[in-house]
Amino acid sequence: MSLIHPSILNSDTADLAGELTRISSADAAHVDVMDNHFVPNLTWGLPVVESLIRRNIMPIDAHLMIADPDRWAPAYAEAGCDSVTFHVEAARAPVVLAHNLHKAGARVGVGVRPGTPLSAIEELLPYMDMALIMTVEPGFGGQAFIESMLPKIRRLRALLNEQNLDIQIQVDGGVSRHTIAQAAEAGANVFVAGSAVFGAEDAAEEIAALRKIADPFCHC
Ligand SMILES: O=C(CO)[C@@H](O)[C@H](O)COP(=O)(O)O
Ligand SMILES: [Fe+2]
């Protein structure tokens, strides 16, 4: 089954617990942590994430767009995030970091910006549970899906097949009813959708619709 992770970035952030309840039929809530250094935007940090975890509504998929994840990311795993994704462009010792995140009980993802080549993460893949291909420049919700990322997703899927690695491919940015089929066909199986889900009248219906479009292509 394709996994749908709605991003709460463009939700009603004054009522995050209520917004998680709206999307609780999804597989996890994608929580974008931005520090105004790695990206030119600021969201929330550990206290907000901890408080969402305490509500125990659904698994939390933390997407850390922060500088120095080697220092800050383990606390998100210790807090109980289901998965913690850091960016390869920001990490100093990604394999050690992955080990520390696993030790703290989280699944681990490594993300790449649109301009970062796959070669930057190729050697890290055996240590990961998920690779995140950004399909927008990280920092903001509501941007258009960058179609030129499709060959990158396809190459990553081929690489995983060649190396017999069973890790997830997450796509994030501009995922909607109009773009999810292409991403799924190229090889992605975890889909982050922010504005598509929170901009819909019925979030649960949108989640179901996205799943239904992606499932026939599923690399599950
Ligand atoms: O990480 C990010 C942006 O940096 C994403 O998670 C976006 O928040 C997804 O939002 P949409 O593009 O689906 O509106
Ligand atoms: Fe994200």
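Visitor: Leaving aside neighbours within four places in sequence, which residues is S195 in contact with?

Guide: S195 is in contact with N10, G141 and G142, sequence neighbours within four places left aside. Contact means that the two C-beta atoms, placed from the backbone, lie within 7 Å. This is a predicted model: local features need pLDDT of at least 70, side-chain atom pairs count only at pLDDT 80 or more, and totals for chains, interfaces and linings use all residues. Residues are numbered from 1 along each chain as its sequence is written, while chains are lettered from A and ligands numbered from 1 in the order in which they are written.

Visitor: Why is S195 called partly exposed?

Guide: S195 has 18 C-beta neighbours inside 10 Å. Buried takes 20 or more other C-beta atoms within 10 Å, exposed 12 or fewer, and partly exposed lies in between, with C-beta atoms placed from the backbone. So S195 counts as partly exposed.

Visitor: What makes S7 buried?

Guide: S7 has 24 other C-beta atoms within 10 Å, so S7 is buried. S7 lies in the loop between β1 (3-6) and α1 (16-22). Helices (H or I, at least four residues) and strands (E, at least two) are DSSP runs, numbered from the N terminus.

Visitor: Which residues come nearest to ligand 1?

Guide: S7, L9, G141, G194 and S195, of the 23 around ligand 1. Near means a C-beta atom, placed from the backbone, within 6 Å of the molecule.

Visitor: At which residues does UniProt place "binding site"?

Guide: The unreviewed UniProt entry includes S7, G141, G194 and S195 among them. Such annotations may be inferred rather than shown by experiment.
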